[in-house]
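Subject: Handover of a structure, with findings

Dear colleague,

Please find below the structure that I am passing on to you. My notes on selected parts of the structure follow directly after it.

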Amino acid sequence: MENHEEAAPRSSRRARRALIAAVAGCLVLGGTLMLLPRQPTGPKAPAPAPGAQARAAVTTGVAAALPDLAALIGERETHLRGHPRDAESWAVLGAAYVEQGRRTAEPAYYPKAEHALRTSLRVRAKGNDVQAAALGGLAALANARRDFRAAKRWGEAALKLDPKRWTTYPPLIDAYTGLGDWKATERALERLQGLRGGPAVMARAGAVYRDRGWREDAMAQLSDAAAGAQAPAERAAYLERVGQLAWERGDREPALRHFQEAVRIDPDQRAAQAGQGRVLAALGRTSEALSAYRVALAKRPDPQYALELGELYESLGLRQAAQVQYDLLRARVRGAAAGGADEELVLGVFEADHGDPQAAVVRLRAEWRRQPGIAVADALGWALHRAGQDEEALRYAVRATDKVRGGGVRSALYAYHRGMIERELEKYGPARRHLQEALVINPYFSPLRARTAREALTALGEPPAEDVPAMDAEAETETEERS
């Protein structure tokens with residue numbers, strides 16, 4: 001993929017991105033509904049049946065509404081009882097189980113998905129398209145289980161059968177990203193864009209651009225995807241990602257509007273519900289934040305949401321309520337393991353801050369050997385710091401924040417972790433810069449850690465005048481974006 005820094009001078013690139021983001025953002029913020037095509041005045045074509053809607057979604061790898069998914073699963077299960085050698089239906093059923101498990105954070109669907117997808121391969125359908133669909137489904141399943149090496153293996157096998165099948169590329173992109181292989185990620189995205197356009201591809205590009213630190217481009221792509229999506233569940237999923245991008249840069253009110261719109265369109269959009277919890281807490285609307293998290297967890301008991309809600313309770317001094325959420329987190333991780341899903345990353349993050357840092361190091365070292373992505377590098381670095389191994393911790397923190405090997409993602413949490421590790425190592429200049437960077441990226445990034453970052457900066461004091469470095473271009477851009 002063409003490098004953005006090489007494609008145009010930095011100043012013109014920044015101006016172009018700002019213009020694209022401003023226009024796309026205004027369109028979405030001004031009311032995404034206005035961007036839908038004008039409805040014809042003649043009689044409307046009948047809407048497809050719920051099962052047909054879900055089938056169109058899961059076979060192209062986009063979000064499907066939960067009621068439609070349930071209808072599709074029921075249809076295919078009934079059909080397969082009478083036609084057990086229908087390889088295509090087994091592949092569709094497997095993809096539907098993967099989506100159901102992902103949307104509900106219920107890993108019990110994953111063994112069902114694996115059985116259906118492997119059955120599709122075993123009945124030996126004629127033609128590569130069905131086999132490629134089953135292999136692609138296994139790649140998506142492996143990603144949902146956070147087994148990125150397996151996802152890469154299945155995705156590349158599907159690609160060999162049919163290199164022009166565009167739906168194989170999104171799970172491959174997720175696998176390469178999870179393994180920290182940015183060159184492969186960019187190559188796969190470039191091939192995908194050469195085969196297909198439309199909202200699903202724009203959303204995938206937006207995710208890659210976000211991970212590379214190209215946030216204006218990411219916002220433009222995701223905003224366009226949300227505007228162009230026809231199915232409510234798909235559109236809500238893209239709006240949730242737009243909200244997450246806004247949140248990551250500390251834009252609380254725009255983030256909240258996007259999360260609220262996503263939930264309005266699809267009440268089962270629990271990621272957006274949890275997003276509302278993050279933003280409402282940052283706005284000081286604590287009771288509403290707690291309610292939003294509880295609603296999200298009631299229908300999607302994701303361990304990450306339990307960790308966030310527990311830390312919100314802890315920031316309020318409600319330790320017993322926090323412990324309830326931490327116990328839920330542990331229970332959900334055990335349930336995920338029973339379904340073949342890997343939640344070692346979130347458990348390691350939890351143990352580093354709220355449990356046994358040494359145990360966190362053991363877990364996260366094993367995770368790093370399996371899949372060395374940037375999230376694991378950051379978590380392992382922080383666990384090592386909490387365990388008192390700061391020299392080694394800094395190596396992983398640098399990896400997570402490195403603009404080349406780390407991908408370039410602009411993360412307040414990663415910058416905070418690096419700054420606190422450098423402070424412990426008495427590297428006061430770098431520590432000050434990275435703690436400041438964390439608060440520039442998102443001053444509200446955590447109800448516990450944003451406050452700690454400010455306290456640490458105050459304790460560090462102002463740097464000597466001769467030690468104040470010129471602000472680099474990237475930091476200038478970040479400051480301009482926030483002003």
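Does alanine 438 count as buried or exposed, and what is its relative accessibility? The model is a predicted one, and in it alanine 438 has 0% relative accessibility, so this residue counts as buried; the cut-off for that class is under 20%. Alanine 438 belongs to helix H24, which covers residues 428-441. Apart from its neighbours within four places in sequence, alanine 438 is in contact with Ala412, Ala415, Tyr416 and Phe445. Arginine 410 lies 28 residues from alanine 438 in sequence, and the C-alpha atoms of the two are 8.9 Å apart in space.

I turn next to helix H21.

Helix H21 runs over residues 374-386. Its 13 residues reach 18 Å from the first C-alpha to the last, close to the 18 Å expected at 1.5 Å a residue. Of these 13 residues, 11 are buried, so H21 is largely enclosed by the rest of the structure. Among the buried residues are Trp382, Leu380 and Ile374, together with Asp378 and His385. The elements that cover the buried residues of H21 include helix H10 (182-195), helix H19 (344-354), helix H20 (357-370), helix H22 (390-401) and helix H23 (412-424). After H21 comes glycine 388, which has a positive phi, near 85°.

Helix H19 also takes part in a pairing with helix H17.

Helix H17 comprises residues 303-315. H17 has 13 residues and reaches 18 Å between its first and last C-alpha, which is close to the 18 Å expected at 1.5 Å a residue. H17 is mostly covered, with 11 of its 13 residues buried; these include Tyr305, Leu309, Gly310 and Tyr313. Its buried residues are covered by elements that include helix H15 (270-282), helix H16 (286-299), helix H18 (319-338), H19 and helix H25 (449-460).

How do the axes of H17 and H19 cross? They come within 10 Å and cross at roughly 20°, which makes H17 roughly parallel to H19. The crossing of the two helices is left-handed. On the H17 side, the contact is made by Pro303, Gln304, Leu307, Glu311 and Glu314; on the H19 side, by Val346, Val349, Phe350 and His354. By class, this contact has 5 nonpolar, 2 polar and 2 charged residues.

Yours sincerely

Note on methods:
Residues numbered from 1 in each chain as written. Predicted model: local features only at pLDDT ≥ 70, side-chain atom pairs only at ≥ 80, totals over all residues. Heavy atoms only, no water. Helix = DSSP H or I, 4+ residues; strand = E, 2+ residues; numbered from the N terminus. Expected span 1.5 Å × (residues − 1). Buried < 20%, exposed > 50% of the residue type's maximum accessible area, 1.4 Å probe, protein only. Contact = heavy atoms within 4.5 Å. Axes fitted to C-alpha atoms, helices over the stretch in contact; angles between N-to-C directions. Parallel < 35°, antiparallel > 145°, perpendicular 65-115°, else oblique. Left-handed = near helix turned anticlockwise from the far one by under 90°. Nonpolar A, V, L, I, M, F, W, Y, C, P; charged D, E, K, R; others polar.
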